[in-house]
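Let's walk through this model together, beginning with a strand and ending with the pockets.

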Amino acid sequence: MTLALGCIADDYTGASDLANTLTLAGLRTVQTIGVPADDLVLPEVDAIVVALKSRSIEASKAVAASRAADRWLRARGACHVLFKICSTFDSTDAGNIGPVMDALRADSGDAIVLVTPAFPQNRRTVYQGNLFVGSVPLNESPLKDHPLNPMRDANLVRVLARQSASAVGLVDLAVVQKGAGAIAARLAELAAGDAGAAIVDVVEDSNLEAIGHAALGQKVSVGASGFGLGLAQALLASGRGAAGAPASGALGEPIGGPAACLAGSCSQATLEQIARAETLMPVLRLDPEALITAPNPVSPALAWALERLPSGPVLIATSATPDSVAALQAKHGRDKAGHAIEQALSAIAAGLVAAGVRRLVIAGGETSGAVVDRLAIPAFLIGPEIAPGVPVLRTAGTGQPDMLLALKSGNFGGPDFFADALKLMP
Ligand code: ADP
């Protein structure tokens, strides 16, 4: 297998978002969970997205996992590797975008890396290095209250410089609009100074292909799904990548049986989606405090679900408003609270699967990661798109009957996301 593109995603929902984008652009794509074992059989594809759960772990561990994924992808012929981050640049001053970028750049031998989380069709744009979420700067968006990585600075040149060992420059819109040659020239100029990374302005999707072409002259780049789209377009335009039938054709037979939804995301979008789901299905709102302190918090939730599943889908949520999240974190610590809640939701998912549920909708990036790990799923085929950035996924290589999953990053999906997902997961 010779890969046109290798990708390393720092969380699982981001990985399926990227795999979805690459598939829609025409690259045959598969998503693996972690670096695959040698005996995992994968279909012939143009792109592999290795999903890690490295966004919020210790930087040194994120670096080690990303380097292992990079080695695996390059051993399969990937000439270019995209380190896929969140389109809202989710990170802290301790990392992990900067440290991983530094390590991948060092391993690749490149002098400088192009970086942009922009994806205009998803309302993420970058201008003069400042990230906008819709019409507001990042630090005025709901991301300022994220439970794990509150984003309080919109200037990505500054944000990345705090995380990277090297200086960070800017490829501004005026250069981007001149095309790939001008971007490459500006990059060389910045590298000749002391910059090891450059934030790239993007205000419309047409900017992405030029950036993709410029990036293909490099071995590594850092970005969100928009950068993936630019790379896919550039690869296909230059005759690399088969532009064959998308892997979504391979989703196969309906799965049937009971279906359940779990939500650990506290994003505004998810809170609205849960409120909407309440009009359609039974919803259990768990007490997050009890999930951290009670001796066996999972059994009552499972019993509640198992009683109702024969009549239709159910939703179990820990999601809460920013005030309640802040209060819980003040009492128990951010990481302890987040981890305990993720573990509880993934234990509930495992209980549901043991009881015969094979269709699961999960809201929350970290939450999805915890669930997929707990279920020990090695890889996914990419199915139809539920909402921008969220495909239906079919498990591959588990040795068990297949399952359908939808993994939704907090801010994604329309108000009826849970119902929309279940409709596409027969
Ligand atoms: P998103 O995709 O919206 O960022 P994540 O699942 O990645 O969602 O992150 C949400 C984090 O918040 C998880 O660590 C989750 O366990 C935690 N969490 C969920 N509910 C609560 C709550 N009520 N209070 C505090 N933290 C919570």
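The model is predicted, so to speak of local features pLDDT must be at least 70, and side-chain atom pairs count only at pLDDT 80 or more, while totals for chains, interfaces and linings use all residues. Residues are numbered from 1 along each chain as its sequence is written, and side-chain values use heavy atoms, without hydrogens and water.

Start at strand S14, residues 314-317 (strands are DSSP E runs of at least two residues, helices H or I runs of at least four, numbered from the N terminus). In a regular strand, side chains alternate between the two faces of the sheet. Here Val314 and Ile316 point one way, Leu315 and Ala317 the other, and all are buried (under 20% relative accessible area with a 1.4 Å probe, protein chains only). S14 pairs in the parallel sense with S12 (residues 259-263) over four bridges, where pairing needs at least two DSSP bridges. In that pairing, Cys261 stands opposite Leu315. Strand S13 (residues 283-285) is also a parallel partner of S14, over three bridges, with Leu284 opposite Ile316.

Where does the largest pocket lie? Domain 1 (5-237) and domain 2 (259-423) both give residues to its lining, so the largest pocket lies between them; the domain bounds come from an automatic or database assignment. Helices H9 (268-277), H12 (322-332), H13 (334-354) and H14 (365-374) each give two or more residues to that lining. The second largest pocket also lies between domain 1 and domain 2, because both give residues to its lining, and H9 gives the most there, with three residues.

Key
Buried means under 20% relative accessible area, exposed over 50%, partly exposed in between (1.4 Å probe, protein chains only).
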